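Hi,

Here is the structure you will be working on. Please open it and keep it beside this email while you read.

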Amino acid sequence: MKTIYSAIQPSGIMTLGNYIGAVDNWHRMQADANNKCIFALADLHTITVRQDPQKFHENAMSFYALLLALGIDPKKSIVYFQSHVQEHAYLSWLLNCYTMVGEMNRMTQFKDKSQKHADNVNMGLMDYPVLMAADILLYNTDEVPVGYDQLQHIEIARDIAERVNGIYGDIFTIPKGVLTKVGAKVMSLQDPLSKMSKSDPNPKSYISVLDDDATIMKKFKSAVTDSETEIRFDPENKPGVSNLLTILAVAQNKSIDEVVKDFDGLMYGHLKVRTGEAVCEMLKPMKEEYNRLIKDEAYLMKCAKEGAEQAHDIAIDTLNRFKKAIGFVTL
Ligand code: TYM
């Protein structure tokens, strides 16, 4: 059995990038009976950026419902809120003492976010990758399915785990980051050189998985392409067109080559419309399920409670093993 672990932050909205780069891949991995899957809402990570309490609460519930609506099944996988399992914060503290300040200073996302939130460069923002390492290491994780932007954080989790194992013997499983084959970096629709991000101030740059069809079509129609006319997959020279082809391939469950062939003799306008339509089609069943689930708070909370209990049972074992190795007196 392989243990698969991943998480998503319930901040703002869930984008098509989150879905294609991560959650869709979780769904596929969940279908493999050889995988034991654990998925978290990384709500402790979210407060590294200041949140409005009511909005934060609503987002967290909404993201939990979205995960279930997107096919993450609490009967097959453990699906829980990170803040419901206290071992995350505890292990994070322990791992802090095995992590160098210089390592955290070098993290690309920390550097980006410190610039973006210059008025609130709190310790949590810097310590974020250590909490993420704690998430992963608590569950003896073999593989971590993520989008491209999270690979550096998984590398640091491996480094920390190897350092601890080097001192105390085999405490942690060394995790490996895995990317989805197509769509590990979905790009902004307005600036195809940067990744699609929920924190982008321009809403036309991203698709929310809950956008209505008219909004999705409008956003795709205004997607930035280039001044040529040929439809081919060439991320370096044609990032906008290649991004649309990637999204369309995932939405139609085809290879990129197959999708490109369908556009022989057609124009960018056709590509934009077909991509928009395919995305609307792909998201439709999920939206219906989401609208049903979000009204059923009792069911969502029951799943969250069971998920947290299952997660805790695994996490406490790892934490205790590590504490014992360090030499803490146990009661
Ligand atoms: P977050 O919430 O920013 O994103 C969740 C997942 O979505 C992927 N992703 C993308 N993939 C492709 N294209 C994009 N444009 C795109 N945008 C986002 C991310 O790579 C990620 O896989 N720190 C993490 C959450 C986390 C975590 C963990 C992940 C906390 N603990 C432990 C794995 C293991 C984060 O903020 O992801």
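Start with S114. Setting aside residues up to four places away in sequence, S114 touches V121 and L125; contact means heavy atoms within 4.5 Å. S114 sits in helix α6 (residues 108–116). Helices (H or I, at least four residues) and strands (E, at least two) are DSSP runs, numbered from the N terminus.

A word on the source. This is a predicted model, where local features need pLDDT of at least 70 and side-chain atom pairs count only at pLDDT 80 or more, while totals for chains, interfaces and linings use all residues. Residues are numbered from 1 along each chain as its sequence is written, and side-chain values use heavy atoms, with hydrogens and water left out.

Is S114 buried or exposed? S114 is buried, with a relative accessible area of 16%. Buried means under 20%, exposed over 50%, and partly exposed in between (1.4 Å probe, protein chains only). A polar atom of the S114 side chain also lies 2.4 Å from the backbone oxygen of F110.

Next, helix α7 (residues 123–138). Its 16 residues reach 22 Å from first C-alpha to last, close to the 22 Å expected at 1.5 Å a residue. The expected span is 1.5 Å times one less than the number of residues. In α7, 13 of the 16 residues are buried, so the helix is largely enclosed by the rest of the structure. Look for the kink of about 40° centred on P129. A bend is the angle between axes fitted to the seven residues ending at a residue and the seven starting there. N122 caps the N-terminal end of α7, with a side-chain oxygen 3.0 Å from the backbone nitrogen of G124. Just after α7, N140 has a positive phi of about 50°.

Now the ligand. How many residues surround the ligand? There are 26, and the closest are Q9, Y128, D135, D149 and V186. A residue counts as near if one of its heavy atoms lies within 4 Å. β1 (2–8), α1 (16–30) and α7 each supply at least two residues of this shell. The side chain of Q9 has an N or O atom 2.8 Å from a ligand oxygen. A backbone N or O atom of V186 lies 2.8 Å from a ligand nitrogen. For G17, a backbone N or O atom is 3.2 Å from a ligand nitrogen.

Last, helix α12 (residues 268–293). α12 bends by about 35° at K284, and a proline, P285, follows within four residues.

Best wishes

Key
Polar contact = N/O pair within 3.5 Å; in protein donor to acceptor, adjacent residues only side chain to side chain.
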